[in-house]
Amino acid sequence: MPSGSSQQIRGPKSELADRMKGAVIGPERSSWNRLDKTTTDQVKELVSKCLEARDMAYCPYSRFPVGAALLTTDGAIITGCNVENASYGLTVCAERTAIQRAVAEGHRKFTAIAVTCDIEDRFVGPCGACRQVLMEFGPDWTVYLTKPDGSYKETSLNELLPLAFSPIHLTKN
């Protein structure tokens, strides 16, 4: 891990102190400034919910179940799983399923997402398309890459998708 990285690796029984998140660097992110706390209990629940969502995946072709759980700014947790289709291009990833479900339920602001699959020996992040969809709702997300045993690695959407194209690029000068 590079020096100065904000990534953290925690086990399933690790205790995280309540912490402040959302430091904003530079004026280009000013429309998404946020200040939130993700508590230990919220992280544990988010990780647990993404593991449960993975078990609901419909993946008869790849046999690669993925689960995601979003944390909204008002504390709601919305889950999603991957849903495959015989016409592979119509498959929807867990992260996008969770976003679509959240939007359909009236949520538009998020602080964190936990994502998991069945790979046990390393942490796996969202695909590029999912990273871009998450970016639609702001760059300052905490991302918990979660293994099947509940251990996770904390990172951020900005770290997973640097120099991203976002809605800010569509504003007129």
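Author: Let's start with a definition: buried means under 20% relative accessible area, exposed means over 50%, and partly exposed is in between (1.4 Å probe, protein chains only). Keep in mind that this is a predicted model, where local features need pLDDT of at least 70, side-chain atom pairs count only at pLDDT 80 or more, and totals for chains, interfaces and linings use all residues. Residues are numbered from 1 along each chain as its sequence is written, and side-chain values use heavy atoms, with hydrogens and water left out.

Reader: Okay, why is Val 83 called partly exposed?

Author: Its relative accessible area is 36%. That value falls between 20% and 50%, so the label is partly exposed.

Reader: And where does Val 83 lie?

Author: Val 83 sits in the loop between strand 5 and helix 2 (94-104). Helices (H or I, at least four residues) and strands (E, at least two) are DSSP runs, numbered from the N terminus.

Reader: What makes the link between Asp 55 and Arg 54 a salt bridge?

Author: You need a side-chain nitrogen of Lys or Arg within 4 Å of a carboxyl oxygen of Asp or Glu. For Asp 55 and Arg 54, the closest N and O atoms are 3.2 Å apart, so the pair qualifies. These two are also linked with Asp 118 in a network of salt bridges.

Reader: Are Asp 55 and Arg 54 buried or exposed?

Author: One of each! Asp 55 has 57% relative accessibility, so it counts as exposed, while Arg 54 has 11%, so it counts as buried.

Reader: What about Glu 105 and Arg 101, what makes their side chains a salt bridge?

Author: Their N to O distance is 3.3 Å, so they pass the cut-off too. Glu 105 is partly exposed at 44%, and Arg 101 is partly exposed at 40%.

Reader: How do you know that the span of helix 1 agrees with its 15 residues?

Author: The expected span is 1.5 Å times one less than the number of residues. For helix 1 (residues 40-54) that should be 21 Å, and the end C-alpha atoms are 21 Å apart, so the two agree.

Reader: Which residues of helix 1 are buried?

Author: They are Thr 40, Val 43, Leu 46, Val 47, Cys 50, Leu 51, Ala 53 and Arg 54. They cover an arc of only 165° around the axis (taken from the directions from the helix axis to the C-beta atoms), so they are on the same side of helix 1.
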